[in-house]
Amino acid sequence: MSTPPDGLPIYRVLTGPDDAEFCHRVSEALELGYKLHEGPAVTFNGADVIVAQALIWPTRS
């Protein structure tokens, strides 16, 4: 597949608390065919650890 399914963009950033739901969202994107773009960014908002993970759709050059 040369483009992401369901009209999704080729570049996505998923963000949220570092919990199982966030991990499932990233896993679902990987199952669709997205690839991780670098490592995650992590911060602490005073109560929770917040994670951001960039994903890219692989394209053929």
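1. Surface. Accessible areas here come from the Shrake-Rupley method with a 1.4 Å probe. On that basis the accessible surface of this protein, which is a predicted model, comes to about 4,400 Å². Carbon and sulfur atoms hold 55% of that surface.

2. Overall layout. Taken along the principal axes, the C-alpha atoms fill a box of roughly 40 × 20 × 15 Å. Of the 61 residues, 23% are buried. Among contacts with a separation of 6 or more, 54% join residues 24 or more positions apart.

3. The helix. H1 runs over residues 20-32, 13 residues in total. From its first C-alpha to its last it reaches 18 Å, close to the 18 Å expected at 1.5 Å a residue. Just after H1 comes Gly 33, with a positive phi of about 125°.

4. Which residues of H1 are buried? They are Phe 22, Val 26 and Ala 29. These residues lie on the same side of H1, because they cover an arc of only 60° around the axis. An α-helix has 3.6 residues a turn, so residues three or four places apart point the same way. The face turned away from the buried side carries the exposed residues Ala 20, Glu 21, His 24 and Glu 31. On the buried side, the cover includes strand S1 (11-17), strand S2 (35-36) and strand S4 (49-56).

5. Pro 4 and the segment before S1. Is Pro 4 buried or exposed? Pro 4 is found in the segment before S1 and counts as buried, because its relative accessibility is 9% and the cut-off for buried is under 20%. Leaving aside neighbours within four places in sequence, its contacts are Pro 9, Ile 10, Tyr 34 and Trp 57. The pair Pro 4 and Trp 57 is 53 residues apart in sequence, yet the two C-alpha atoms are 6.6 Å apart in space.

6. A nonpolar patch. Ile 10, Tyr 11 and Val 13 make a nonpolar surface patch of about 300 Å². Of these, Ile 10 is also one of the contacts of Pro 4. Tyr 11 has its place in strand S1 and counts as partly exposed, because its relative accessibility is 46% and the range for that class lies between 20% and 50%.

7. Ile 50 in S4. Ile 50 belongs to strand S4, which is part of what covers the buried residues of H1. At 24% relative accessibility, Ile 50 counts as partly exposed. What does Ile 50 touch, not counting residues up to four places away in sequence? The list is Gly 16, Pro 17, Ala 41, Val 42, Thr 43 and Asn 45.

8. Most residues other than glycine have a negative phi. Two residues deserve a look on this count. Asp 6, in the segment before S1, has a positive phi of about 55° although it is not a glycine. Glu 38, in the loop between S2 and strand S3 (41-44), has a positive phi of about 65° and is not a glycine either. Where do they stand in terms of exposure? Asp 6 is exposed, with a relative accessible area of 76%, and Glu 38 is exposed at 63%.

9. The loop between S3 and S4. Gly 46 has its place in this loop. Its relative accessibility is 58%, so it counts as exposed, the cut-off being over 50%. The C-alpha atoms of Gly 46 and Leu 30 are 16 residues apart along the chain and are separated by 30 Å. For comparison by the reader, the C-alpha box is roughly 40 × 20 × 15 Å.

Definitions and conventions:
Residues are numbered from 1 along each chain as its sequence is written. This is a predicted model: local features need pLDDT of at least 70, side-chain atom pairs count only at pLDDT 80 or more; totals for chains, interfaces and linings use all residues. Side-chain values use heavy atoms; hydrogens and water are left out. Helices (H or I, at least four residues) and strands (E, at least two) are DSSP runs, numbered from the N terminus. The expected span of a helix is 1.5 Å times one less than its number of residues. Buried means under 20% relative accessible area, exposed over 50%, partly exposed in between (1.4 Å probe, protein chains only). The arc is that of the directions from the helix axis to the C-beta atoms. Contact means heavy atoms within 4.5 Å. Patches are made of residues with over 30% relative accessible area and no salt bridge: like charges are joined within 9 Å, nonpolar side chains (Val, Leu, Ile, Met, Phe, Trp, Tyr) within 5 Å. A salt bridge is a side-chain nitrogen of Lys or Arg within 4 Å of a carboxyl oxygen of Asp or Glu.
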